[in-house]
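Grab a viewer and a pencil.

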Amino acid sequence: QVQLQESGPGLVKPSQTLSLTCTVSGGSITTNSDHWNWIRQPPGKGLEWMGTIGYSGNTYYSPSLKSRTSISRDTSKNQFTLQLSSVTPEDTAVYYCARGAGVVILRYDYWGQGTQVTVSS
């Protein structure tokens with residue numbers, strides 16, 4: 001069974017870069033056709049897809065976040081990482097990593113438990 005676990009700081013100051021890591025077990029992030037995503041849910045709002053890194057390392061980002069988002073991976077550790085720069089309090093959210101492809105987020109089959117990130121001075 002594939003398991004995902006997010007890790008990273010729970011508090012980030014405004015204007016800094018948020019960095020989160022997703023560690024995958026029970027499966028490889030280089031498995032053909034798999035895509036690995038970052039998704040967030042601000043308080044009181046719905047899920048927002050942020051971006052994905054595919055099995056070959058190609059990346060795609062939400063147009064609204066593209067200028068501030070970077071997703072990378074470490075295949076030796078079976079991890080992928082989110083970096084979100086120039087954060088503001090509006091970036092406060094629960095951040096999830098998940099496996100899946102396509103625009104229907106709720107069809108993604110494996111999710112991490114989520115990690116709360118608060119942007120505050």
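Predicted model: local features only at pLDDT ≥ 70, side-chain atom pairs only at ≥ 80, totals over all residues.

**Exercise 1. Find the disulfide, say which parts of the chain it links, and work out its handedness.**

Step 1: Start with the sulfurs. The structure holds one disulfide, and it joins Cys-22 to Cys-97 with an S to S distance of 2.1 Å.

Step 2: Cys-22 sits in strand 3 (residues 18–25) and Cys-97 in strand 9 (residues 93–99), so the pair links distant parts of the chain, 75 residues apart.

Step 3: Check the torsion. About the S-S bond of Cys-22 and Cys-97 you get about 65 degrees, so the disulfide is right-handed.

Step 4: Buried or exposed? For this you need the cut-off: buried means under 20% relative accessible area. Cys-22 comes out at 0%, so it counts as buried. Cys-97 is buried too, with a relative accessible area of 0%.

**Exercise 2. Describe the neighbours of strand 4 and how enclosed the strand is.**

Step 1: Look at strand 5. Strands 4 and 5 run antiparallel and are joined by six bridges; across this pairing, His-35 stands opposite Gly-54 in strand 5.

Step 2: Now look at strand 9. Strand 4 pairs with strand 9 over six bridges, again in the antiparallel sense, and here Arg-40 stands opposite Tyr-95.

Step 3: Six of the seven residues of strand 4 are buried, so the strand is largely enclosed by the rest of the structure.

Step 4: Follow the chain into the hairpin of strand 4 and strand 5. Six residues lie between the strands, and Gly-44 takes a positive phi near 75 degrees there.

**Exercise 3. Which residues form a nonpolar patch on the surface?**

Step 1: The members are Leu-47, Val-103, Val-104 and Leu-106, with about 410 Å² of accessible area together.

Step 2: Leu-47 belongs to the loop between strand 4 (35–41) and strand 5 (48–54), and at 35% relative accessibility it counts as partly exposed.

Note on methods. Residues numbered from 1 in each chain as written. Heavy atoms only, no water. Disulfide = S-S within 2.5 Å. Helix = DSSP H or I, 4+ residues; strand = E, 2+ residues; numbered from the N terminus. Buried < 20%, exposed > 50% of the residue type's maximum accessible area, 1.4 Å probe, protein only. Patch = residues over 30% accessible without salt bridge, like charges linked within 9 Å, V, L, I, M, F, W, Y side chains within 5 Å. Areas by Shrake-Rupley, 256 points an atom, 1.4 Å probe, with all protein chains shown as cover. Salt bridge = Lys/Arg side-chain N within 4 Å of Asp/Glu carboxyl O. Pairing = 2+ DSSP bridges.
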